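Look through the sequence and the structure shown here.

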Amino acid sequence: MSESGFLEPFGGAVCLDFANTLDGRATAQPTEYVHTYVDLAGWSEFAGLIDAPTSARLRRHDSEASLRTALNLREAIFEVFTAVGRGETPPAGSLDEVRQRYAEAVASARLGPAPEGSFTWEFTGDQPDRAWWPIAVDAVRLLTQGPLNRVKVCAAEAGCIGLFLDTSKNRSRRWCTMDGCGVEAKVQRQARRRQATRR
Ligand SMILES: [Zn+2]
């Protein structure tokens, strides 16, 4: 965990890191990192989507509606990209949820200059939804531009179901983090090996 109290990001894409803010989804006790709108604005700042002064202003809203929308978006992102990572067809309803939130986000954005002479969506103002707008934009960017063949679901049997972009050369990364699920998997492998030798 980071100093901010949020999970250290390992997804390699903002939208995947946001999906991972509900950690250990297949375990008996998943860990929720976004309980309130204040958490959401805090995470957005943590992920570099808004600066600290903007985050402080947004937090004053403490908007329940924005929080609910963001969490629905998060679940849609999770559904879409776990399907992608498993080579399955993403559920149409989840895809449509992402599309709808993206449409709302870009409707409130303007085009501003980006590095190398290109342009990018820019968000200004203090509407509470600004905390999740860049996440919707990132989800559609990843869906439309990829690399989707690098989206993976953590292979841990313990059931983290963390999502990440595998940027390793030969696409061999299997776990969300080597010191998290990677270690657990290693321990389990060793235990199985010990059992096998005993037999
Ligand atoms: Zn994991």
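## Surface and charges

The protein has an accessible surface of about 10,700 Å², and carbon and sulfur atoms make up 51% of it. Accessible areas come from the Shrake-Rupley method with a 1.4 Å probe; for residues, only the protein chains shown count as cover. This is a predicted model: local features need pLDDT of at least 70, and side-chain atom pairs count only at pLDDT 80 or more, while totals for chains, interfaces and linings use all residues. Residues are numbered from 1 along each chain as its sequence is written, and side-chain values use heavy atoms, with hydrogens and water left out.

The protein carries 25 positive and 25 negative charges, and their mean positions lie 10 Å apart. Lys and Arg count as positive and Asp and Glu as negative, while His and the chain ends are not counted. Each charge is placed at NZ of Lys, CZ of Arg, CG of Asp or CD of Glu.

## Overall fold

Seven helices and six strands are present in the protein. Helices (H or I, at least four residues) and strands (E, at least two) are DSSP runs, numbered from the N terminus. Their order along the sequence is α-β-β-α-α-α-α-β-β-α-β-β-α. The radius of gyration is 18 Å, close to the 16 Å that the globule rule gives for 199 residues, so the protein is as compact as a globular protein of that length. The radius is taken over C-alpha atoms, and the rule is 2.2 Å times the number of residues to the power 0.38.

Of the 199 residues, 43% count as buried. Buried means under 20% relative accessible area, exposed over 50%, and partly exposed in between (1.4 Å probe, protein chains only).

## Helix α2

Helix α2 covers residues 37–46, where Tyr 37, Leu 40, Ala 41, Gly 42, Trp 43 and Ser 44 are buried. These buried residues pack against α1, α3 (52–59), α4 (64–85) and α6 (133–145). Contact means heavy atoms within 4.5 Å.

## Phe 10 and the cysteines

Phe 10 sits in the segment before α1 (14–19). Phe 10 counts as buried because its relative accessibility is 12%. Leaving out residues up to four places away in sequence, Phe 10 touches several residues, including Asp 17, Leu 163, Phe 164 and Cys 176.

Cys 176 is itself buried, at 7% relative accessibility. Cys 181 is also buried, at 7%. The structure holds zero disulfides, a disulfide being a pair of cysteine sulfur atoms within 2.5 Å.
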